[in-house]
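This report describes the fold of one chain and its contacts with the neighbouring chains. Please consult the sequence and the structure alongside the text.

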Amino acid sequence: MYLHLAHLGVILALLAAVVPLPIRRINTSVRLAFALLGLSGVACAFAGGMGMLSNSSMSAVLPIGLPWLHSHQHLDPLGGFFLLLVGGVSGIVSLYGPNYVISSDVDSASTRVLAIFTGLFIAGMYLVILAADAFSFMVAWELMSVASYFLVAHDHSQAKNTRAAFIYLLMAQAGGLLILLSFGVLAGFGDGFTFSAMQNASLPPYWEHIAFGLAFIGFGMKAGIVPLHVWLPQAHPVAPSHISALMSGVMLKVAVYGFIRFCYDLLGTIHWQWGVIVLLAGCASALLGVLYALMQHDLKRLLAYHSVENIGIIYMGLGLSFLFASNNVPTLAALGLIAALYHCMNHALFKSLLFLGAGAVIQQSGRHDLNHMGGLLRLMPITGVCFLVGCISISALPPFNGFVSEWLTFQTALQGTALESGVIKSMIAVAAAALALTGALAAACFVKVFGIAFLGQARTEDMLRAHEVSAGMKGSQVLLALSCLLLGVFPTAAINSMEAIPAVLLGTGLKSTQTNTWLWLTPVSGQAASYGAPMVLSGICIAWLGAYVFLHPRRRKTPVRFSPAWDCGFGPLEARTQYTASSFSQPIRRIFRPVWPIDEKVTPPSAATNGGRYSIHIGDWAWDRLYLPLGQLIQRSARIVARLQGGNIRTYLAYSFFTLIVMLWIVT
Amino acid sequence: MDITVFTLAEQLILTLAALMLFTSFLLLAQTRLLTLIHIFALQGALLCATTLVIAFTYGRHHLLISAALTLGLKVFFIPIQLQKLVTSLDIKREVEVVGNPTLIMLGGAALVLFSYYAVLPIRELSMLATRNTIAISLAIILLGMLLIISRRKAIVQVVGFMCMENGLMFAAVAATQGMPMVVEMGVALDVLVAAILFGIFFFQIRTEFGSLDVDKLNRLKEVD
Amino acid sequence: MQNSIFSTYSALYLTLLLPLAGAAILAFCGHLRLGGKLNLLICIATFIASFKLAVEVFYSGSIITPSNFFYVDAFNVYLVLLNSFVGMTTAVFSGPYMAHEQEIGRVKNAGMRLYHSMYQGFLFTMLLALMTNNLGILWVAVEGATLATVLLVSLYRTPESIEAGWKYFLICGVGIAQALFGTTLIYFAAVQIMPDSGQALMWSVLYAHAAELEPTVLLLAFVFLIVGYGTKIGLVPLHNWLPDAHSEGPTPMSAILSGLLLNIALYAVVRFKMLIDPALGTNIAGHIMMGFGLLSFLVAGLLLHRQRDIKRMFSYSSIEHMGLITFAFGIGGSLATFGALLHMIVHSLTKSAIFVTVGHAAQVCKTQSIDQIRGLIKTQPEVGWGLLIGTVAIAGLPPFGVFTSEFLLFSATIKSYPWLVITLLAGLSIAFAGLFRHVQPMVFGDCPKGQIRIKANMWPVALHLCIILWLGIAVPDVLAGWIDQATIMISGKGVL
Amino acid sequence: MNAWILALIQTALLMLLAPLLSGWVKWIKCKMQCRRGPAPWQPYRDLAKLMRKEVVLAEHASPLFRATPYLVFSVTALASSVVPAFAVGLPTAAIADVIVMVGFFALGRFFLSLAGMDIGTAFGGMGASREVTISSLAEPAMLLSIFTLSMTFASTNLDTMVHFSLTQPFQIHPSFIFSGLSLLLVATAECGRIPIDNPATHLELTMVHEAMILEYSGRHLALLEWASMLKMLIFGVLITNLFIPWGIALNPGVVPLAIGTLSMLIKLMFIGTVLAVSESVLAKMRLFRAPEFLSLAFILSLLGMLSHVVLEVY
């Protein structure tokens, strides 16, 4: 029954894509489109939730698709979880959408195009999760990619945006082809393209490794794993903010869903080498993602790099789960999977919260660059507080949800002793250290972002004209912030509701979380590790209240006085003396220097220039070492091949003459 | 199987085939345009003779029509058109420098040998005495192509193209005693239309490029 | 009995006679204002006749005229339908387009008369090639198609178009001559075993006796045929004429050339392959086709990056797709053949739609060079979006039909030749990058000063894109049935 | 129910002891430098004076600036309730394990840095940037040493770790030595002691922790000072109880508790002296030599882990 509800959601999303066409007045059509998206989000979230809780899976066959392979759909706990995630976030974002789109001064034609492709994009994501055979999976997958390509190329006045959109679609297409190949390998042995046929395909191990390799690169390209992440920091900042929230928060999770579905459900047996590869890729993505994010001063580009980091953390959880599954310790594999899924949910929530906040700030101030922002907390209090909640969650600090999933990942790593090979144990330990470093650097990065954007003095006058955003935008941000807090404070309830997924995929769930009450989260056992999240929150409030009351009598007697800050006697310090984004991250840039291709140019003040010039550009090694040489290779080979078309008719005739002679020689 | 075994007609066909091969070689070496056109007309005549001989010896009466067509087209209409064109564009005396003639002649000889080698498996098949003529017709076709490739003048390329058509007709006639009538008519029609179109093109190229040198036609290219 | 013969085959004869008559009529009144409309009318009539023929074939299976001259079976009926449909939609576009060209003086009255009569003549030769049972007439029809379009390629009398016309004429002439030699060899092999020499060139008869033909002669003949008709398909070592011819002629001509003529040449090669495979036993013909197909697929993909003229770019894209289809036919097997046949339909629909949009784009920006075409979406949204969605469709992205056939081809290649899939993947990505690299700056961005809308009829493009979208999501059963019968004929076993 | 009361008593006791420990360290340092330093209980007087002083805020400070002291203090107080100082098996110990403790300190540091940047002057930004850099370098070393300990104790709950090492027969674990040393280095970095940051200095360009609380005054400064002293105490207790657990009360009887308190005081005096000696021997390092110091800590913890994996697993 829930599958039909989910299909209703999909139809609503498609309707949202079609509705803006006939209606003339642009505002009503945009509001109607986003209302429909909201409805489809709620329907799919409800269907997903129900699908996740009932640990049975429903399936249906639709009349569309190839004549002999009609499109199969199914909804099982894993699909239910991700449907809940996608539906929930797109429902909340549809609250944010209308005012944001209407108040951003873009001509009505491209706003209509934006509404159309948003509907297609969200419908594509639902269909990917519901698809149960390779063909409809691929059609939905690329519908999602193509629709998001048009969204990224929405503001196509600058060449930079179209170039980013081109790279995005090119990599999405290459990724899609690789995924198609991996399905092909499975279908080759399972003689059928439906997932059920693939499940009972028995592949020789050699082919299993090939299928896994193709799927890992294909899905990794879409999820943004380090060497393949190049499109992400270019495409996400260029799209409108509510779209980058959807793309960063939700589309990457659909790629993770595809990867989990492929490895656990379709491949079945998992080899330990896969765990090592996924763990290492996760570590590399997490570390490099956060290090590159630290160096950015474009707000949305920084958040995009953080998506790479969080996807890395999710892949670390998956890598650990693979390692335990291959050494047949299913309970710990289930713990690793739960940690990864929990982080998927958390990342979807706080990343879309941060992108919506960034969208509000950019829309009000018209500035993308952190070095031009400052002092926004006083002017946009609610957006500021919600953005602070987002920053705390992403930096994995205790009362909020980011901490719970990272803590679960640490606990999974700490159980590494259950494996017998020493090398893997030490690798896991170093991975845990890398995760800690990533967490701390993420905290450093978001101190920089919040401190420079919202606190201190305004660095440009544009900031002074910023004011609080409209109700819908505030409402969605508050909703996301509250859900971050809820998931942070009641983790046991959330994990119990996710119980059915590992039960279906790995055979066993996390039994130990049921034993204790909702107060304590004890993933492995009471003694091994426990985290009383509600107790922590109440403990902080009690201590805060105690200190406040204890100091109250003092307050009545000596009221607070305001005076200028300490300026070492030089006179009033204006905004230019404040730390900027690049100066804040300067120590880390000096310490981790080889990680980035840095070119700093300092032109001393001279007669010609009215003052000294300092410019710094942080590139991306993956782009310089991997993609540019590839592009040049294609150009060179194209130039060589172009000699074929020399223009002289006699050479053309000579070609056909020699082809004939060679063919005759071969045949006889 | 030496030549005496054949009947007189077959011997005649073989000699005509040899003569046609010789005319193709002459075309390759020829530098002056007018003589080139005359040799082409001679080759057409030889083809028409072969068709007549086969028509009488094997009683294929529909071949008579195609012989007449060949005579009309390849011996009179096309050579006269070309001659008028050459005189009107007064390029009679242009001596066209051919790559280096010895290399092309050696290439031609190699081509004949190669086409003989390529058609070898077919020889055992056909019981007809004229089975060797297939190798000769393939050689004529390849020599026609070689002529087109090696020369820069547009008119010479047309002659080369028509020489290939002669090779094809010779194959159809000698190897299989002629194709079905409707096919023969279709092929003849196509050759006629092709000749007319060549004429039209000559005028267009002449007006636009000022000369019929094919190497000037190289604006459309990717190399830059 | 007389009218019954005529009535039963009326659809067949009408489909052929209408374009022929049209060619004759338009030769005199092609230059008038109603020339374009008359041309459209005749195309509509031809389409209705071919539709009636298709319905007949659907109900009564394959039709063969008593004189054994015409033969319509499941393999060529939907190609006939496709031919007349694309002819009709392009005629819708060609009317106003050529009227515009006539206004700005690029084409004079004589040129218009020639254009319209040759338009119909070209359709007639293609339909004849599809429906004839006699392999000789098949050669004559393909040669006739070349002759009909040669003058149209050099219609504008610019040096480039004359050069393109000359190259097109000479290279195709030389190529097709070799095909005639191949047909002669086939006839030579058939005469050995066939008592009645009249029937020796009839395809249906040959298909019945295919096993008894002499293998060595057939193989040699196939070499000549693949090199001959390969020149017309545009397989790589022989492709040089195609980009020049398709980019220099008037755009409706390029649409039909790129969309339909290449299919006809490939149809001919597959007809011969159906004769050769049973005789030879081994799949050597398939391997040859795979070799040519893969080579042209990769080379054309690379050359896409070098383009500076928009129509040349899309003609290279045609070479690439034709290479892919030849590769698919080369692999053989039911899945690959089904995919290849579907790809023929979808490619011609998409490519003709793209050329129509390109024609309008060239008229909007008054140039064909990629660097000067900018801001199409801003100037004329329907042209801009048409071009973008067309390129997305031709690049093989899913919601559209091209992906369905590529999906089938991929799964077939994985089963039989897994290591070739890497080259396919690389080729597709390179071609995709090449296409989008050029199309994106053209479509997006602000429009340069003075670029104004033109009167553009985008209904044919919309119709084509909807059909491709429909084929992409759900292949209709009628079409699937036909393609499956054709697959059974070509590869021995069906897919459904 | 009395267990909860006992836990509250322990927390109160720890909070009261904190200023004494920092006074004691300063007193020992002055004694070693042959000068008559202030009495060990001087910090109590400072805190009381600050509580009464008038609060002066910067003009650009936002409400976050005023809320941070309370938050930092309450987080550190909660952390102190979790650490097993005098007795094992207290109910509050199950609230958080070691990694959550690290999270508490990270939360405190997060808000303190934000407060530093809120004033809108260069010093706050400089302090925040340096504090954040140093702490992110210290995190991996700290976590790897915890990882090594938990490999042996098979748990990260402090209670179980201490209980485990008390009940097991005495063994010398080479991995403990390495991770102990690494934890000591990390503790000096986290609490902002001499080799990384000089707590006593007010020279703008050298201070790290002080730069962030430069603008605080009155009761806010009192809370922050108290919180940093409490943090140093917690680190002291953590290190001593993990590596020298004997004397801690296993069951809540009166005698064991008395012995536990006594042993706790002795251990704190011992670790205070060690800290004082190291501070007077070493001098504050340039900021960009701190990474070498912390990479030494990381290498030590790495050696600890490797020695556990290679040597101690049978």
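## Domains of chain A

In this predicted model, the centres of domain 1 of chain A and domain 2 of chain A, taken over C-alpha atoms, are separated by 50 Å. The domain assignment places domain 1 at 585-618 and domain 2 at 631-667 of chain A.

## Overall fold of chain A

Chain A contains 27 helices and five strands. Its radius of gyration is 27 Å, close to the 26 Å that the globule rule gives for 668 residues, so chain A is as compact as a globular protein of that length. The C-alpha trace of chain A spans about 110 × 75 × 60 Å along its principal axes.

Of the 668 residues in chain A, 61% are buried. When contacts in chain A between residues at least 6 apart in sequence are considered, 78% of them join residues at least 24 apart.

## Contact between chains A and D

Four pairs of chains touch, and the pair with the most contacts is that of chains A and D. Here 66 residues of chain A are in contact with 71 residues of chain D. Elements giving two or more residues to the chain A side include α14 (376-379), α16 (401-414), α22 (533-550) and α25 (586-591) of chain A. The greatest contribution to this side comes from α17(A), with 16 residues. By class, the side of chain A that touches chain D comprises 44 nonpolar, 16 polar and six charged residues.

Strand pairing also links the two chains: β3(A) and strand β1 (residues 56-58) of chain D pair in the parallel sense over three bridges. Within this pairing, A:Phe562 has D:Leu57 in β1(D) as its bridge partner.

## Contact between chains A and B

The contact between these chains takes 14 residues from chain A and 16 residues from chain B. Helix α27 (residues 649-667) of chain A supplies the largest share of the chain A side, seven residues. By class, the side of chain A that touches chain B has seven nonpolar, five polar and two charged residues.

Chain B has a mean pLDDT of 80, with 88% of its residues reaching 70 or more.

Chain B and chain D do not touch, and their nearest C-alpha atoms are 55 Å apart. Chain C and chain D likewise do not touch, with 41 Å between their nearest C-alpha atoms.

Methods:
Residues are numbered from 1 along each chain as its sequence is written. Chains are lettered from A and ligands numbered from 1 in the order in which they are written. This is a predicted model: local features need pLDDT of at least 70, side-chain atom pairs count only at pLDDT 80 or more; totals for chains, interfaces and linings use all residues. Two residues are in contact if their C-beta atoms, placed from the backbone, lie within 7 Å. Helices (H or I, at least four residues) and strands (E, at least two) are DSSP runs, numbered from the N terminus. Ala, Val, Leu, Ile, Met, Phe, Trp, Tyr, Cys and Pro count as nonpolar, Asp, Glu, Lys and Arg as charged, and the others, Gly among them, as polar. pLDDT is the predictor's confidence in each residue, from 0 to 100. The radius of gyration is taken over C-alpha atoms; the globule rule is 2.2 Å times the number of residues to the power 0.38. A residue is buried if 20 or more other C-beta atoms lie within 10 Å of its own, exposed if 12 or fewer, and partly exposed in between; C-beta atoms are placed from the backbone. Domain bounds come from an automatic or database domain assignment. Two strands pair if DSSP finds at least two bridges between them.
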